[in-house]
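Subject: A structure for you to look at

Hi,

Here is the structure I promised to pass on.

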Amino acid sequence: MKKSKFTETQITATIKAYEAGKDVNQICRELKINKATFYNWKKKYSGMDAELLRQFREVQRENAELKRMYADLSLDHSLLKKVIENKI
């Protein structure tokens with residue numbers, strides 16, 4: 001996935017500016033982004049502050065690690081199952 005040129009803190013600050021009453025067209029013009037990009041940001045980051053954003057990233061990292069662990073364990077399980085079947 002392509003890395004954004006805006007940090008998540010900048011994105012949340014932009015959304016807070018919108019919630020404070022700033023016009024979407026003006027925000028998009030200043031940041032040189034498309035309206036669709038802004039609304040995607042709004043959908044993803046609306047209502048988050050810096051602390052919530054940090055926790056969100058931490059949970060995402062933990063989730064990715066758990067998925068890797070599950071994949072490794074399921075691979076081990078299937079290999080052990082094949083070994084047992086071959087011995088019988």
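How many salt bridges does the structure hold? There are 4, where a salt bridge means a side-chain nitrogen of Lys or Arg within 4 Å of a carboxyl oxygen of Asp or Glu. Before I go through some of them, two notes on the background. This is a predicted model, in which local features need pLDDT of at least 70 and side-chain atom pairs count only at pLDDT 80 or more, while totals for chains, interfaces and linings use all residues. Residues are numbered from 1 along each chain as its sequence is written, and side-chain values use heavy atoms, with hydrogens and water left out.

Let's start with arginine 57 and glutamate 8. They form a salt bridge whose closest N and O atoms are 2.1 Å apart. Arginine 57 sits in helix α4 (residues 50-87) and glutamate 8 in helix α1, so this pair ties together parts that are 49 residues apart in sequence. (Helices are DSSP runs of H or I with at least four residues, numbered from the N terminus.) Both ends are partly exposed: arginine 57 has a relative accessible area of 21%, and glutamate 8 comes in at 23%. As for the cut-offs, buried means under 20% relative accessible area, exposed means over 50%, and partly exposed is in between, using a 1.4 Å probe and protein chains only.

Next, stay in helix α4 and find arginine 54. Its side chain meets that of glutamate 51 in a salt bridge (2.6 Å, N to O), and the two residues are 3 apart, about one turn of the helix. Arginine 54 also pairs with glutamate 58, at 3.0 Å from N to O. These salt bridges share partners and join Glu51, Arg54 and Glu58 into one network. Glutamate 51 is partly exposed at 39%, as are arginine 54 at 43% and glutamate 58 at 40%.

Two lysines are worth a click as well. Lysine 32 is in the loop between α2 (24-31) and α3 (35-45), and it is exposed, with 71% relative accessibility. Its phi is positive, about 60°, although it is not a glycine. For context, most residues other than glycine have a negative phi.

Where is lysine 5? Look in the segment before α1 (8-19). Lysine 5 is exposed, at 68% relative accessible area. From lysine 5 to histidine 77 is 72 residues in sequence and 42 Å in space, C-alpha to C-alpha.

Cheers
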